[in-house]
Each structure stands twice: as C-alpha cells, then as structure tokens.
Amino acid sequence: MKKILIIPLLLAIITLPAQAARVINSVLLNDIVPDSNSPLIIDNEDTIKVTMTVTTSGNGANNNWKSTSYSLNGATSICIDTPNENGIDTYTNEFYTEALTNGTYSISFYAHRNDNCNPSSDSNNFEFTDAITVSPSVTLIAEYRFDET
C-alpha cells in the first residue's frame, strides 16, 4: 500500500483593482459640456448650474450618493449637500456653484457616500480643464440726442 502524502494547496490571492461604488457618468455646466476650445463663458459674479449623473453600486452605504464636492483650479474643495440617493441605480442631481470672479477656471468633481464629502476621493474624479471663462460684466450705456429743427 502506498502512502500518499497530501500537500496542502496554497491559494494565490489575486487582488483586483478597486472600483468606486459611485461613478460620475456625466456633468453639464449650464446645460453644456465645455472644454478649453469651447469654454463656458459667464459674467463676473454669476453662478453655474451643475447637472451631474452618477451611477451607484456596492453594498450598504457604499451604494449611496449623499454629497458632492467640487474644486476650482485645484483650490480647497467645496462640499454641496446634494439629495440623498440610496441604492444601486443611476441618479441625476442639480446644484449651483458659488459666484465666480474674472478669470479662467478648471473645475473637478467627486461624488460622496456621506453628507459631509468624506472620504475625499469617494468616486472617480471628473474634471473640465480651462473650461470656464468669467468675463467682466458689461453695462451698455446709450446716448440719445434729440436735435430741434
């Protein structure tokens, strides 16, 4: 009789890349998709309407979308408390940016599972580079002359 020595099989652990449970599918700024060749042009002190579509996946809180952060030119992020979306689905929400002053701006977005925009990079980063131009407001003044004849 042969004795068979069974050697335990070691399993290799394969690490798959992590996928965000929130994926930003699209972003419109004032109902358009701007870029550096065709920027969104607004007046000084105007806000921008942001329409964002996000697909959620995962389990528990991982399939929530409760807040959105955006950053202008890489500055500190601004947190927006967007409507609470819970469950696996595709959602579209709108919000407005702060008023902008003269200049050219890049803007980037993250979708978050918590109300307070934490963790800071809870989804893919969706960015428009040099896609917003804020120009000085122009006030037109017309001069009328009435000559008597």
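In which loop is aspartate 31 found? In this predicted model, aspartate 31 is found in the loop between strand 1 (22-29) and strand 2 (40-43).

**Backbone features**

Most residues other than glycine have a negative phi, and most peptide bonds are trans. Aspartate 31, although it is not a glycine, has a positive phi of about 70°, and with a relative accessible area of 48% this aspartate 31 is partly exposed. Asparagine 73, likewise not a glycine, has a positive phi of about 50°; its place is in the loop between strand 5 (67-72) and strand 6 (78-80), where asparagine 73 counts as partly exposed at 45% relative accessibility. A cis peptide bond, with omega near -10°, runs from asparagine 118 to proline 119, and proline 119 lies in the loop between strand 9 (103-112) and strand 10 (126-135).

**Aromatic pairs**

A search of the whole structure finds four aromatic pairs, including the two in the table.

| Pair | Centre distance | Plane angle | Type |
|---|---|---|---|
| Tyrosine 70 and phenylalanine 109 | 6.4 Å | 40° | tilted |
| Phenylalanine 95 and phenylalanine 109 | 6.5 Å | 65° | edge-to-face |

The pair of tyrosine 70 in strand 5 and phenylalanine 109 in strand 9 links distant parts of the chain, 39 residues apart. Phenylalanine 95, in strand 8 (residues 90-96), and phenylalanine 109, in strand 9, are 14 residues apart, and their pair also links distant parts of the chain. Tyrosine 70 counts as buried at 1% relative accessibility, phenylalanine 109 counts as buried at 0%, and phenylalanine 95 is buried too. Tyr70, Phe95 and Phe109 form one aromatic cluster.

Conventions: Residues are numbered from 1 along each chain as its sequence is written. This is a predicted model: local features need pLDDT of at least 70, side-chain atom pairs count only at pLDDT 80 or more; totals for chains, interfaces and linings use all residues. Side-chain values use heavy atoms; hydrogens and water are left out. Helices (H or I, at least four residues) and strands (E, at least two) are DSSP runs, numbered from the N terminus. Buried means under 20% relative accessible area, exposed over 50%, partly exposed in between (1.4 Å probe, protein chains only). Rings of Phe, Tyr and Trp (its six-membered ring) pair if their centres lie within 6.5 Å; planes under 30 degrees apart count as stacked, over 60 as edge-to-face and the rest as tilted.
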